[in-house]
Amino acid sequence: MSRGQRSVARLAAVQALYQMEVSGAGVEAVIREFSDHRFDRSPEGDGEGAPLAAADEAFFADLVRGVVDHQREIDAAVVGRLAANWRLERLDATVRAILRAGVFELSHRPDVPTEVAIDEYVELTKSFFDGPEGGFVNGALDAVARDVRT
């Protein structure tokens, strides 16, 4: 799989995690929805519903399932890197999804280089936000990486 297909999988995982949080949908239902309706399997796309480009679907499913399976541990790692007066619930739901996916990758996917994981999630953050969120995600993931990859 190409790095581009993993980038698409990361974007889809963040979208799926966000969707699960706001709708209460289950992990397998959301993975199936993305697989059946969101990923582009044709060379030119179908033009309707703007499907995501080709994705590493196995990587996507691993990210989403992994975040769900390890959410308590992941959230504890994130909370450990928030300012003393901040709670996880105060973060924007998209930022929470980005951090959860990034922390999962850093702590459970040693095959992914630290710099790649952090850079990918920072760039994803910048695609959603124009403000300081990119720097916040960078700092939080860098700190978590030092905790889990030393």
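1. Let's start with Asp147 and Arg81: in this predicted model they form a salt bridge, with 2.6 Å between the closest N and O atoms. The pair ties together distant parts of the chain, since Asp147 belongs to helix H7 (residues 133-148) and Arg81 to the loop between helix H4 (71-79) and H5, 66 residues apart. Asp147 is partly exposed at 45% relative accessible area, and Arg81 is partly exposed as well, at 36%.

2. Salt bridges with shared partners also connect Arg6, Asp56, Asp62, Arg109 and Asp111 in one network. Arg6 has another feature to look at: its charged end sits over the ring of Phe59, 4.0 Å from the ring centre.

3. The structure has 14 salt bridges. One of them joins Arg10 and Glu120, with closest N and O atoms 3.3 Å apart. Here helix H1 (residues 3-23), which holds Arg10, is linked to helix H6 (residues 114-128), which holds Glu120, across 110 residues. Arg10 is buried at 2%, and Glu120 counts as buried at 11%.

4. Do take a look at Glu105 in helix H5 (residues 93-108). Glu105 is buried, its relative accessible area being 0%. Its side chain makes a polar contact of 2.7 Å with that of Arg10. Beyond four places in sequence, the residues Glu105 touches include Phe59, Leu63, Tyr121 and Arg149.

5. Finally, Glu21 and Arg96 meet through their side chains in a salt bridge of 2.3 Å, N to O. Glu21 is partly exposed at 34%, whereas Arg96 is buried at 9%.

Note on methods: Residues numbered from 1 in each chain as written. Predicted model: local features only at pLDDT ≥ 70, side-chain atom pairs only at ≥ 80, totals over all residues. Heavy atoms only, no water. Lys NZ or Arg CZ within 6 Å of the ring centre and 35° of its normal. Helix = DSSP H or I, 4+ residues; strand = E, 2+ residues; numbered from the N terminus. Buried < 20%, exposed > 50% of the residue type's maximum accessible area, 1.4 Å probe, protein only. Polar contact = N/O pair within 3.5 Å; in protein donor to acceptor, adjacent residues only side chain to side chain. Contact = heavy atoms within 4.5 Å. Salt bridge = Lys/Arg side-chain N within 4 Å of Asp/Glu carboxyl O.
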